[in-house]
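Here is a short tour of a protein chain, arranged by topic. Keep the viewer open as you read, and follow along from point to point.

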Amino acid sequence: MKRLTLLLFMTLSILSGNSFAKDRKLFVVKSNPHPDELPTLGVWQQYVKKSDTFDTLLSASFPNVPDFTCDLWCFESPGVVFESARELKNGQVELRHSWENYDWEILTIATPRPGALEIVAHLVTTSDDSKAQPQEYPSLNICWQLRRAAQFASKPDPYPEFVRRCFIVSEQGCVFLLDTQRRAIPVRSSTDEENNPPWVQMYAPLSAPADLQVDSTNWADYSPDRYRLPVIGAVSRDRRYLAAIASGAETIVCQAWHDCMHNNPGWLPSSDKNGKQWRVMIYAMENDPEALFTRFHEDFPKIASWK
């Protein structure tokens, strides 16, 4: 049974302004020192009947975008098992995951910023014999979900309308996903509703090989269109606001089934004593692509300008 450091579990129905099913439980509510300036964080679990397991999600409610709460499944990764979560200072939350068959844990710190959420992970040893950093690192996959943000979620519209509001950043700037070339879902028939147009898609960087391929059992194919910046997001239904997930390294970004997007970089060298780090940013702001690009380059200055 997973080790949980918190003694008290509370149902999510006590949270004002959010609706949660009875199979969801909250165990961290962060006391936000600046709720008018910073996102308010929480950690909760949702029971998955099919696998008889719990998904662990980090929630962030942003004060600068009306009724905007997003959730991040931390982590949708084989061999990475949630262990605990706790509050830190200044509105931060810490999550710990074990890495199966290794004497290392993944320590993740979620830090609220004005109009943003920063998520940084690094490895910590669980054994006195493990002094040096491992040669390989776990593959981390955050599933960033917009289902609880009414102005961003797909429902009650047909799902392709959600895809129409999602975007990547090409050489021309933000481009909506239904305006990109989207290849059919391999595991679905050509006549399937979810292939007309394709509901899900993966996008590679400009530097990726031109002949990326998937097999017939895959849940999504690669678009021939490529992104210029590792940023993928969506605009609100009224087009007044945008939200995006960004990273500082080339990776595969995708828009998927659960009103979700993925942007999961590799581990990069860090200047601190913790070895490599894994880092992504979540942004929520007015629908101003130039402001998004400016913020992105402030947070990831090593990425070449999109212009």
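Is Trp278 buried or exposed? With a relative accessibility of 0%, Trp278 counts as buried. Do bear in mind that this is a predicted model. The chain holds two helices and 18 strands, and 53% of its 307 residues count as buried.

**The chain as a whole**
- The accessible surface amounts to about 15,100 Å², and carbon and sulfur atoms account for 49% of that surface.
- Take the contacts between residues at least 6 apart in sequence: 54% of them join residues at least 24 apart.

**The nine-stranded sheet**
- Nine strands form an open sheet with antiparallel pairing, in the order E6-E7-E8-E9-E18-E15-E14-E11-E12.
- At the edges you will find strand E6 (80-87) and strand E12 (173-176), each of which pairs on one side only.
- From one strand to the next, the twist averages 25°.
- Four bridges join strand E11 (residues 166-170) to E12 in the antiparallel sense, and Phe167 stands opposite Phe176 in E12.
- Helix H2 (residues 289-299) packs on this sheet and touches several strands, among them E8, E9, E11 and E12. The direction of helix H2 makes about 155° with that of E18.

**A buried glutamate**
- Glu94 sits in strand E7 (residues 93-99) and is buried, its relative accessible area being 6%.
- The side chains of Glu94 and Arg96 make a polar contact at 3.4 Å.
- Beyond its neighbours within four places in sequence, Glu94 is in contact with residues including Ser84, Arg86, Leu107 and Ile109.

**Aromatic pairs**
- The count of aromatic pairs comes to nine.
- Phe75 and Trp278 form an edge-to-face pair, because their ring planes lie at 85°, with the centres 5.8 Å apart.
- Phe75 belongs to the loop between strand E5 (68-73) and E6 while Trp278 is in strand E18, so this pair ties together parts 203 residues apart in sequence.
- The rings of Tyr137 and Trp267 have centres 5.0 Å apart and planes at 45°, so they make a tilted pair.
- Tyr137 comes from the loop between E9 and strand E10 (143-145), and Trp267 from the loop between strand E17 (260-263) and E18, so the pair ties together parts 130 residues apart in sequence. Both Tyr137 and Trp267 are buried.
- Phe62, Phe68 and Phe152 are linked into a cluster by ring pairs.

Key:
Residues numbered from 1 in each chain as written. Predicted model: local features only at pLDDT ≥ 70, side-chain atom pairs only at ≥ 80, totals over all residues. Heavy atoms only, no water. Pairing = 2+ DSSP bridges. Axes fitted to C-alpha atoms, helices over the stretch in contact; angles between N-to-C directions. Contact = heavy atoms within 4.5 Å. Buried < 20%, exposed > 50% of the residue type's maximum accessible area, 1.4 Å probe, protein only. Areas by Shrake-Rupley, 256 points an atom, 1.4 Å probe, with all protein chains shown as cover. Polar contact = N/O pair within 3.5 Å; in protein donor to acceptor, adjacent residues only side chain to side chain. Phe/Tyr/Trp six-rings, centres within 6.5 Å; stacked < 30°, edge-to-face > 60°.
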